[in-house]
Amino acid sequence: MALSESEVRHVAQLARIALSDEQVATLQVELNSILGHIDTIQQLDLGDVPPTAHAIPVVNETRPDVPKPGLSRELALLNAPESEAGAFLIPQMTGGGDQS
Amino acid sequence: MAEDRLHEVLQRWEPVIGLEIHTELTSSRTKMFCGCEVAFGGEPNMRVCPVCLGLPGALPVPNAFAIEQTVLAGLATQCEIARHSLFHRKQYFYPDMPKDYQISQYDLPFCENGQINVEVDGGGVSQRPDVGGAPGVTPGEDGSYVTRIGVTRIHLEEDTGKMVHVGGSEGRLAGATKSLVDFNRAGTPLIELVSEPDIRTLEEARRFAQKLRLIWLSLGISDCSMEEGSMRVDGNVSLRRRGETELGVKAEVKNMNSFKALHDAMLHEILRQAEVLDAGGTVIQETRHWDVGAKRTSSLRSKEEAHDYRYFPEPDMVPFEFTEEFVSGIRDRLPELPDARKARFRATWGLPPHDATVLTSDLDMAEFFEAAVIIGGDDRAKAIANLMLNDLSAHLNAAGITVTASRIVPAMISELVALVEEGTISGKQAKEVFSEMAETGDAPGAIVELRGMKQVSDTGAIETVVDRIMAQNPDKVEGYRGGKTGLMGFFVGQVMREMGGQANPAVVNEVLGRKLG
Amino acid sequence: MTDSLDLSSLDASQIRSAIAAGDFSAREAAEAAFERIAALDGAVHAFNQVTPELAFAAAEKIDALLAGGATARDLPPLAGVPVAFKDNMNLVGTNTTCSSRILENYQSVYDCTAVARMLDAGALPLGKLNMDEFAFGSSTENSAFGPTHNPWDTDRVPGGSSGGSAAAVSAGMATITLGSDTGGSIRQPGALCGVVAMKPTYGRVSRYGCVAFASSLDQIGPFSKTVEECAISLNAICGKDPMDATSITRPAEDFTQGLDAGVKGMRIAIVRDMLEQDGIAPEVKAATHAMAEKYAALGAEVGEVDLPSAEYGLSAYYIIGPAEASSNLARFDGIRYGYRVKDAEDVIDLYTRSRAEGFGPEAIRRIMLGTYALSAGYYDAYYGQAQKARTVIIRDFERAFADYDVLLTPTSPTTAFKIGEKCEDPLSMYLSDYYTIPVNLAGNCAVSLPVGLGADTGLPVGLQLIGTHFAESTILRAARALEAEIGFDTTPPTVRALAV
Ligand SMILES: [Mg+2]
Ligand SMILES: [Zn+2]
């Protein structure tokens, strides 16, 4: 599968990365050369093979519902580019995202 | 008037509604994937840690209790519990979502294929012309009906943080110049229930949401506070011509954060779509936002492309395998659910359907009723129910409080009923006693004592008074005997006044009838 | 006396005993280490940041123990041992930059579990080590702060992505360092710098606090000059962590036990078909076969196996790795921390330009690749297919481990290459992880052992010893036997010259 220029732009939008036209052109070439190699995996006939998400099969790893101390607000905001009134400050939203 | 238009629209168009209800598991002490406490409000960013802030290197570890509560919710709604399940990452960028992906569930949710029975009675029935014969619908006595609403799935996920928009009108997005982000809520365990599109009327939608809330409250998994956003309702609405079986194009309506809002938003969305369709147009599949102020839904379409969530299995966690023992262990925790309780109220005490429904639709009222019956005895259950549904409910509504907040306790109600049934006071007196005990919190017996309200049934005492009254009014006695039987009322009134209203009316009538006749 | 104190000639246990014996104090050990860094790191550039205050504070604790009458027995296992950490591991009091502009000023507010365990073991934290940005690379050239140089030849790369961790040990600036390995990022630089480098079994070591690249592949492991130090380090960092749901509960093991038991009767196999790969340098191939013969001479049953599915490892890895990375790196959005453009007009503008300016070219390449592989319509063809290929690779290894205890391959197809040599061609760079990638996909453990200098290049050659899940003790024992047999001198001549 080869990536068209518009696909590169679409993927960049999904990934929230602003690309210059030059970057789009370069990435289209680079990604397609990598995909050219990766696509050998399509030759494998793996119809009935189950997928592996983790090499070590373990299940049901959970934690008890017991409170633990978290971060002070000072530490929570220590690396905030901008903050105000104990909250992270960001510019205006344009366009809704999603609700949970 | 919108209601009138709805009635007219419903002649041609059949609404097809499915609800998506998010509920925070406020019964959980800690968040879904970290040890931060679950609570509402407070100063911003005071209940956060590296995990729920999505700091570099932090990892999620799932909360076992929240998973059990989700399975409990599934069992209470007759879902199948998955033997194998896992979490997925749902990816989209939004400032209130720390990792820019939400840990949620995708094709392997914990619970699937359940159902909830919703009863509709009273005025709501008229919204449903096809009660007889509609699939999943069972007409009941007294014109009510029960409809079975399918539960597609219940999955567990993490809640987002909160944004306050500054510069716009009261924290609203519109016109805001900047926003403040608070992650106290981020990571709160959140269950999402998705219903089948089995809902056909506004009343069914409202009752479904209320019934679900009642079930969640019975389980104790959440406080289900819509004001605080611990229960949030989204809906999918489409219209189709009556008789048509194909589904129309649906619109998703968000931000309906009260039962009223749910009703109003659905109403306006149905009217909007009918208008579009009647004009020969087509409904666009989109997400619309309910604006309570403007009483309209508006498109939430954003600059960004249609979502591509790029779901994939959460690699920071391992899968879940639920054994039969695990599931039955949780099934053992199921409390009596609203339907079962209602059936028991009817079977045990022969309450009429409506009374049983009302009493079991509020957990506190139901508890109160059962407590009062234990004290007062089974044969007084009906009288206790009547007193609760009339005087008590009226009092609570007037005072705008819940039964737990009132000064009235179950023992008072059963005692008051006893006083009436034993003839110690009249029904009329009971009303006075009720309002006094509601005010003072004193026991009915004490009030009756204090006010000397015990009614006189002693025939001798009443005869003495009757004789005196007759002696004082020979003309009226003549008149009565002459056929003016209407004077009986006069004599009763006189006797009652003489005896300060405490004479037993039955005995007074008996004595008068005997002596005058 | 610290002027004459040269820690690079001492291993961890020798440093610990010398401090216990009062030959020098922990503080003097720290001072000596920083002096050596001052002398050598200008040429090597292994460190992004040095942390004297943290090291001296840790040293004080050790010296206080001794002042309080503690004896060698009472000292923790890494008491007074100078260590350093790859710059993707959080440590309070340091910046954790992942060698990226986007995190250039990011201050850690909590500790990585593995780092904390090293410090609990008494180690002295010297600082944070250079790496390929977010561990994307095999040469440490993808660092936003400039490349690290190979102590054996400063015109060459140290390998990567944990190049700083390998170079620091090779140059004797730190006795033990930690790195992270997603597709070879510990073993390959270990090989190119001629040090012992291990990737433990997936889940052995907690990933908590190590900035994630590919969650289902990442694993933290140690660098050292000797196999014994590798074992001591594993003892310190292994074990279940309640903060990492993928870390595994196992009975405690002492990896130093039976280290010298030898390889008599051990079943060791060369992975034949992988040595037939085109990219492999003759000197590397020759060295690998020579080591197999040494094992035979040492009494091991030596044979050959094939791992036919290994050829799909690279493809599977370059789908799974970037896919998980694209998701793990979404959080670097300029909202809560990290680089933010100044003049953003709205949030979308803030996201897209902060990320475009904050991430380097290779990070952008991998994020794009992974986002594409997960996007609507491509999941099954890429991520789904890669996860199935992973199953096949695991089955191949299981087959091999049914007959053998240890599998041998080169760690890297070539010795250290020149800085700049592979920058223009990402794919050729990717190929240098050909031998290491299948091990991550299968979750196995593997150690890279320096086995000599290449006949043609005169640069260190690394042998990869692969063990099945949780077989660390076995591969360490095999590595120790060979180490004793060949007695490779891990000190680069250039460093001997440079060192004061
Ligand atoms: Mg949801
Ligand atoms: Zn938290």
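## A partly exposed glutamate in chain A

At 38% relative accessibility, A:Glu82 counts as partly exposed, a class that lies between buried (under 20% relative accessible area) and exposed (over 50%), taken with a 1.4 Å probe and protein chains only. This is a predicted model, in which local features need pLDDT of at least 70, side-chain atom pairs count only at pLDDT 80 or more, and totals for chains, interfaces and linings use all residues. Residues are numbered from 1 along each chain as its sequence is written, chains are lettered from A and ligands numbered from 1 in the order in which they are written, and side-chain values use heavy atoms, with hydrogens and water left out.

You will find A:Glu82 in the loop between helix H3 (73-77) and strand S1 (83-84) of chain A; helices (H or I, at least four residues) and strands (E, at least two) are DSSP runs, numbered from the N terminus. Leaving aside residues up to four places away in sequence, A:Glu82 touches A:Ala87, A:Phe88, A:Leu89 and C:Arg340, where contact means heavy atoms within 4.5 Å. A:Ser33 is 49 residues from A:Glu82 in sequence, and their C-alpha atoms are 40 Å apart in space.

## Two buried strands in chain C

Strand S11 (residues 460-467) of chain C is mostly covered, with eight of its eight residues buried. From S11(C), C:Pro460, C:Gly462, C:Gln464 and C:Ile466 point one way, while C:Val461, C:Leu463, C:Leu465 and C:Gly467 point the other way. In a regular strand the side chains alternate between the two faces of the sheet.

Who are the partners of S11(C)? Strand S10 (residues 445-453) of chain C runs antiparallel to S11(C) and is joined to it by eight bridges; two strands pair if DSSP finds at least two bridges between them. Here C:Cys445 stands opposite C:Gly467. S10(C) and S11(C) form a hairpin with six residues between them, and C:Gly458 in the turn has a positive phi of about 70 degrees. Strand S9 (residues 406-410) of chain C also pairs with S11(C) in the antiparallel sense, over four bridges, with C:Pro410 opposite C:Leu463.

Strand S3 (residues 124-129) of chain C is largely enclosed by the rest of the structure, because six of its six residues are buried. Strand S2 (residues 82-86) of chain C runs parallel to S3(C), joined by four bridges, and C:Phe85 has C:Lys128 as its bridge partner. Strand S1 (residues 47-50) of chain C pairs with S3(C) in the antiparallel sense over three bridges, and C:Val50 stands opposite C:Gly127.

## A helix pair in chain C

Helix H7 (residues 227-237) and helix H16 (residues 472-486) of chain C pack at an angle of about 160 degrees, with their axes 9 Å apart. That makes H7(C) roughly antiparallel to H16(C), the term for angles over 145 degrees. Axes are lines fitted to C-alpha atoms, for helices over the stretch in contact, with angles from 0 to 180 degrees between N-to-C directions.

The contact is made by C:Val227, C:Cys230, C:Ala231 and C:Leu234 of H7(C) and C:Glu472, C:Leu476, C:Ala479, C:Arg480 and C:Glu483 of H16(C). These residues divide into six nonpolar, no polar and three charged.

## A sheet in chain B with a helix across it

Chain B has an open sheet of three strands in the order S5-S4-S16, with antiparallel pairing. Its edge strands are S5 (101-104) and S16 (312-313), each pairing on one side only. Strand S4 (residues 88-91) of chain B and S5(B) pair over four bridges, and B:His88 stands opposite B:Ser104. Helix H10 (residues 313-328) of chain C lies across S4, S5 and S16 of chain B, running at about 60 degrees to S4(B).

Technical notes
Parallel < 35°, antiparallel > 145°, perpendicular 65-115°, else oblique. Nonpolar A, V, L, I, M, F, W, Y, C, P; charged D, E, K, R; others polar.
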